[in-house]
Amino acid sequence: MQKLTITRLVVMLFALTLLASGCAKKPVAEQTTMTEQPAQVEVQQQQPAGVAEQSVTDTGAGSYDAAAAARAAENAATSGLQRIHFDFDQYVLTDAAKTILVNNAGLLRAAPAIKVLIEGHCDERGSDEYNLALGEKRALATKNYLVSLGVPAERLSVISYGEEMPLDGARTKEAWAKNRRADFKVKR
Amino acid sequence: MKSLKVCFLISVLILSLSVTVFAARIEISSPGEQTIPLALTRLLPIGVGGAQPALAREFQEVLENDLEMSGLFEFVDPAAFLGDAERLGLSRTDIDFNQWRMLGSEALIKGGYSVSSGKVTIELRLYDVITQRLLTGRRYLGNSTDVRKIAHTFADQVLKSLTGEEGPFSTKIAYISNRTGHKELYLMDVDGYQPIRMTDHRSIVLNPDFSPTRKEVIFTSYKNGNPDLFRKEIYTGRESRVSLKPGLNIGGRYSPDGREIALTLSKDKNSELYLIGTDGTVHRRLTNHYGIDVDPTWSPNGQKIAFVSDRRGNPNIFIVNVHSLEVSRLTFEGKYNATPAWNPKDDRIAFARMDNGVFNVFTIREDGSDERQLTFGAGSKEHPRWSPDGRFLIYSHDLAGEKSIWIMRADGTGARRISAPGGNDIHPAWSVRW
């Protein structure tokens, strides 16, 4: 009987420690996924390279074609660069904008031959001249962050369109938020 | 363009130089307070050539509209006119002043016209009814297409006779319109007639300003892929780039002597105010601050420039001394003050203040005192610019998404639309008298 209770206790203890360790591990696991997010971004950046290898097999050569890989990276950059958005009368990059720019920087580093024109835009509120200057500050803030992420400055040029080229002509908060942005135009 | 080209062969014959000033000079900044009862008679045909009622009617409409806009007059009802209104006699001895006095009029305009082979002659007189004196007499010779121009020119002369300061009605207004689908530069009369497109950049053209000395406009255009400052001669159409620094070349404003241009450049990666020569060479950097510095406007003596900066947080108007580069803040009220324009005749600066997303036009003195709101209500009113005599302001008015150019008196009264429907019209600028 006593033996039984002891084995029961041992089993319970084992189970408890298992549970406890399980519980303790969970937040750790979450933390690792958190820190792995940028790594996932890296994976995304490498995906175009995988596509590039496929295109090599399409040419039938079978050997590694550097030119095709570069072309594929350029295509990936051309289609993959995402615009970022700003708060009203601000040119400070938001966290969401920085996350997008990390991705954009990876695409640009993978395609060293392409140059990019960064266009700064504003919503229609505010004066035209002030918004031209504000749009330029947005484009420059975007450029500077990409440079800090290893994209050579000479590949990045900027232009401000102020409030001249809205994406959405509506006069709503949503439209204004859409229009306050930096766009990326690839120049090959 | 063609109709503008050296088309005004109007020669003005001063019939009488002994122009005495009407009563006491009228305080031009307070229109409406002291109006003059004016009888404006119809133009009557002189001699051969026959009557052209359409010509006379057009002349009358233009002149009456200008004089009404001035706010200086109260018109005697033409329905009450007596026999003298139908008599051609223009000289002092021919006029029955007692008739006009009975109607309560203190000033009288009479005129006649004749047309022969496409040329029109219009002869006009402005009389002081009380003293029975001729205040101004003018004979205009021109093409029959120049009737509007002649009416505007005479309106300017009437204001000069009565106040000592010529009116601005024969000048031009430049503005930006998107009616072709692109923002291009246009020119029109002060009453909105005869609009002409001046550019065909098929890009983005912005923010014109007139030279005070040459028949020339500067503006910013993206034609060459960068916001460069352009110059365009109005009558020849000749065009060139004045400033093409990398980045912004915007908000160009000629100095009062026409020798320099103040503008915003961002060649050093931040928007700063500079003075450049008319050949584009940089003369002087006026501001040095990491904030935004835009929208310069010159004081009448060319010593100071008001501009917009966010150096203290929100956009506000500041003033920089062109020589000492000392900067002082002008506006403290409101959260968003922009587009200043310095009155060419005094120390008032007009600007637009945004409140709850809507701009309205205000004026303030150079020393920051006596701030006044001139426009009210919904629909943004932006980019105020003064007439060369400082009596009027033009601005762009956004009504339910359609922007048009409006004119009002310097005290905010008499606001009316001048640009025609059919596009968004913005960034007005008023020419000097050429």
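So, the interface: 36 residues of chain B are in contact with 21 residues of chain A. Keep in mind throughout that this is a predicted model. Together the two chains bury about 2200 Å², and 58% of that sits on carbon and sulfur atoms. Which residues of chain B lose the most area to chain A? Those are Tyr222(B), Ile292(B) and Tyr336(B), and together they make up 23% of what the chain B side buries.

Now the polar side of things. Between chain B and chain A there are 11 residue pairs in polar contact, counting pairs with both residues at pLDDT 80 or more. As for where chain B touches from, at least two residues each come from strands E11 (205-210), E15 (249-254), E19 (293-298), E23 (337-342), E27 (381-386) and E31 (425-430) of chain B. If you sort that side of chain B by class, you get 16 nonpolar, 13 polar and seven charged residues.

How many salt bridges are there between chain B and chain A? The count is two. One to click on is Asp398(B) with Arg171(A), where the closest N and O atoms are 2.4 Å apart.

Let's move over to chain A by itself. Chain A has five helices and four strands, and along the sequence they run α-α-β-α-β-α-β-α-β. Of its 188 residues, 38% count as buried. If you take the contacts in chain A with a separation of 6 or more, 75% of them are between residues 24 or more positions apart.

The sheet in chain A is an open one of four strands, ordered E1-E4-E2-E3, with mixed pairing.

Last stop, back in chain B: Thr145(B). You'll find Thr145(B) in the loop between strand E7 (133-143) and helix H3 (147-163) of chain B. Is Thr145(B) buried or exposed? Its relative accessibility is 62%, and the cut-off for exposed is over 50%, so Thr145(B) counts as exposed. Its C-alpha atom is separated by 28 Å from that of Leu72(B), which is 73 residues away along the chain.

Terms used. Residues are numbered from 1 along each chain as its sequence is written. Chains are lettered from A and ligands numbered from 1 in the order in which they are written. This is a predicted model: local features need pLDDT of at least 70, side-chain atom pairs count only at pLDDT 80 or more; totals for chains, interfaces and linings use all residues. Side-chain values use heavy atoms; hydrogens and water are left out. Contact means heavy atoms within 4.5 Å. Buried area is the accessible area (1.4 Å probe) that two parts lose on being put together, summed over both. A salt bridge is a side-chain nitrogen of Lys or Arg within 4 Å of a carboxyl oxygen of Asp or Glu. A polar contact is a pair of N or O atoms within 3.5 Å; within protein, one must be able to donate a hydrogen and the other to accept it, and residues adjacent in sequence count only if both atoms are side-chain atoms. Ala, Val, Leu, Ile, Met, Phe, Trp, Tyr, Cys and Pro count as nonpolar, Asp, Glu, Lys and Arg as charged, and the others, Gly among them, as polar. Two strands pair if DSSP finds at least two bridges between them. Buried means under 20% relative accessible area, exposed over 50%, partly exposed in between (1.4 Å probe, protein chains only).
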